[in-house]
Amino acid sequence: LFDTDRLNVLAGEILTPGGPRLKSVSLPDTSPSAAAKTVTFLGRYDDVKLALSGEGDGEAFSVQPFRDLARRVTQGGDLIVATDPTGPTATARHRLMTLADRAWTAIEESLDKPIEGSIRATVREKLTAGLRRTATTQQIDLLKDLAVPAAYAVLVDLFGVSGPIATPGQPGDAAQKALQDWSVTLLADLMGNLESIGPLRSIADEAGTAMLNQIQSALAAARLQGLKPGGAKPLTLVDAFVRLENDKGVEELYRSHLPEDRSDRYYRDASLILLEFVGAVMAIIPMTLSKVMEYLLGNRLELSVIVPQLDEDGLVRLICEAERLNPCLPARMRRCERTITLPGSTDSSGVIKKGVFVAAMVEAANMDSNAFDKPSLFSLSSPGDPERKLENYLLFGPQQRNANTDRIEGMAKSCWGKDRVALPVLKECVRALGRLKGLRRVAGRAGDIATLVEVPIGFPVRFTSLLAE
């Protein structure tokens, strides 16, 4: 459904001055999703942002396509990404978000400082080791040697989750590799086309079951080790979930929402939250770095010159701008839950009817000149370059700038882990890559990006020398 040629044609039609507000495509009767009959494609920035926001008129667009898939791979459970602020999943979303926030806060209180510092220190240690190990060969894999080991260290040290114990004869990174493969498979199934390939679904189901079993084992082990509810300060998210079980606020949350079988449901929710977080860290963060670096290296941008000049804000701009021009997901699916007329439409050409599946074309929105001046140009908003407003980037979902604090904040359906995990890890990765002078793609087929079910898992590159920190 989302092949490049189709998306390019639709985007070109919608973004052409005077072009249609939306385009609807009929699905063949043989399609696995034929019950939807049609898919409506949105491409203008404001329309895509509305459909993804979950706020105002955006409440009309639900994540029902993801919800059905999520419940299948989790055996009936809900994930934060597959719930809405309103509608039938609003209660589940409130419960999961509250529990995630409480666990995260408990970790911060135990550290007596923001978690970001701990995450960045963990990531920096792994990245430094990877750079030193490959310095003499002047060859490195951006994902296998850097991003994935760094992400896995965050899971082990902060989340308290690791892969399955390696059996004799397996490589030392077998546990890491298993968790990565499971995460990548789930990502491909949950975030891929509406036209997901049938065989992938059975593999994703197995991956979801294996990941849940691994996470539930970690929670059970923590309970058996005497980490009693209300005990000492937690060190990991797994610890935090165990110790929050009898927290008064958590008890009230479950008493009002799920009065029966509270403990079983509580740990079921905790395992689903961890499943989502683990999958995001092991699949989405490496994929994002791959997309960013594919653009930067493809356009021969010398990171060893650019990165040292960037502050924290500049690193975010570099990541978001490169991903804008080479997005992770070209489109995201929604379902229209009530007939809606897109803002600014004066006739039926802007009407989306209830029950219609909607493809919000992020790739097209990223090239809308109403949001990004001279959109085909790469810009870090340096003097003389096209301005890029940080709140306009869609990498982590729709954002908005708080007029009172001037801070950029997520909207109702934005990424929960953006500032907590994703950006800290990605910024450290980019900083580390700024130490590699002459960083470039490996020539020929040997330099192809390795993928598993179309998700990047390997990105070999070469460099001239490793610069001092």
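This is a predicted model: local features need pLDDT of at least 70, side-chain atom pairs count only at pLDDT 80 or more; totals for chains, interfaces and linings use all residues.
Student: Is H11 mostly covered or mostly open?

Tutor: H11 is mostly covered, with 28 of its 37 residues buried.

Student: What is found just after H11?

Tutor: Arg 300 follows there with a positive phi of about 55°. Arg 300 belongs to the loop between H11 and helix H12 (303-306). Its relative accessibility is 78%, so Arg 300 counts as exposed, the cut-off being over 50%. As for distance, the C-alpha atoms of Arg 300 and Phe 159 are separated by 37 Å, and the two residues are 141 residues apart along the chain.

Student: Which other residues have a positive phi although they are not glycine?

Tutor: Gln 75 is one of them, with a phi of about 60°. Gln 75 sits in the loop between helix H3 (64-73) and helix H4 (90-111), and its relative accessibility of 55% makes it exposed. Glu 454 is another, with a phi of about 70°. Glu 454 is placed in the loop between strand S13 (450-452) and strand S14 (455-458), and is exposed at a relative accessible area of 73%.

Student: At what angle do the axes of helix H6 and helix H7 cross?

Tutor: An angle from 65 to 115 degrees counts as roughly perpendicular. The axes of H6 (residues 142-159) and H7 (residues 174-191) cross at roughly 95° and come within 11 Å. H6 and H7 are therefore roughly perpendicular to each other. Val 148, Pro 149, Tyr 152 and Leu 155 of H6 make the contact with Ala 175, Gln 176, Leu 179 and Gln 180 of H7.

Student: Why might residues spaced along a helix point the same way?

Tutor: An α-helix has 3.6 residues a turn, so residues three or four places apart point the same way.

Student: How many residues of helix H13 are buried?

Tutor: In H13, 12 of the 14 residues are buried, so this helix is largely enclosed by the rest of the structure. The buried residues of H13 pack against H11, H12 and helix H15 (418-433). At the N-terminal end, H13 is capped by Asp 311, which has a side-chain oxygen 3.2 Å from the backbone nitrogen of Asp 313. The length of H13 can be checked as well: its 14 residues should span 20 Å, and its end C-alpha atoms are 21 Å apart, which agrees.

Student: What does the side chain of Glu 321 make a polar contact with?

Tutor: Glu 321 is found in H13 and counts as buried at 0% relative accessibility. Its side chain makes a polar contact with the side chain of Arg 388 at 3.0 Å. Beyond residues up to four places away in sequence, Glu 321 touches Leu 377, Phe 378, Ser 379, Arg 388 and Tyr 393.

Student: Is Asn 392 buried or exposed?

Tutor: Residues under 20% relative accessible area count as buried. Asn 392 has 13% and is therefore buried, although it lies in the loop between helix H14 (362-365) and strand S9 (399-401). The side chain of Asn 392 reaches the backbone oxygen of Ala 371 at 3.1 Å. Apart from neighbours within four places in sequence, Asn 392 is in contact with Tyr 45, Ala 371 and Phe 372.

Key. Residues are numbered from 1 along each chain as its sequence is written. Side-chain values use heavy atoms; hydrogens and water are left out. Helices (H or I, at least four residues) and strands (E, at least two) are DSSP runs, numbered from the N terminus. Buried means under 20% relative accessible area, exposed over 50%, partly exposed in between (1.4 Å probe, protein chains only). A polar contact is a pair of N or O atoms within 3.5 Å; within protein, one must be able to donate a hydrogen and the other to accept it, and residues adjacent in sequence count only if both atoms are side-chain atoms. Contact means heavy atoms within 4.5 Å. Axes are lines fitted to C-alpha atoms, for helices over the stretch in contact, and angles run from 0 to 180 degrees between N-to-C directions. Angles under 35 degrees count as roughly parallel, over 145 as roughly antiparallel, 65 to 115 as roughly perpendicular and the rest as oblique. The expected span of a helix is 1.5 Å times one less than its number of residues.
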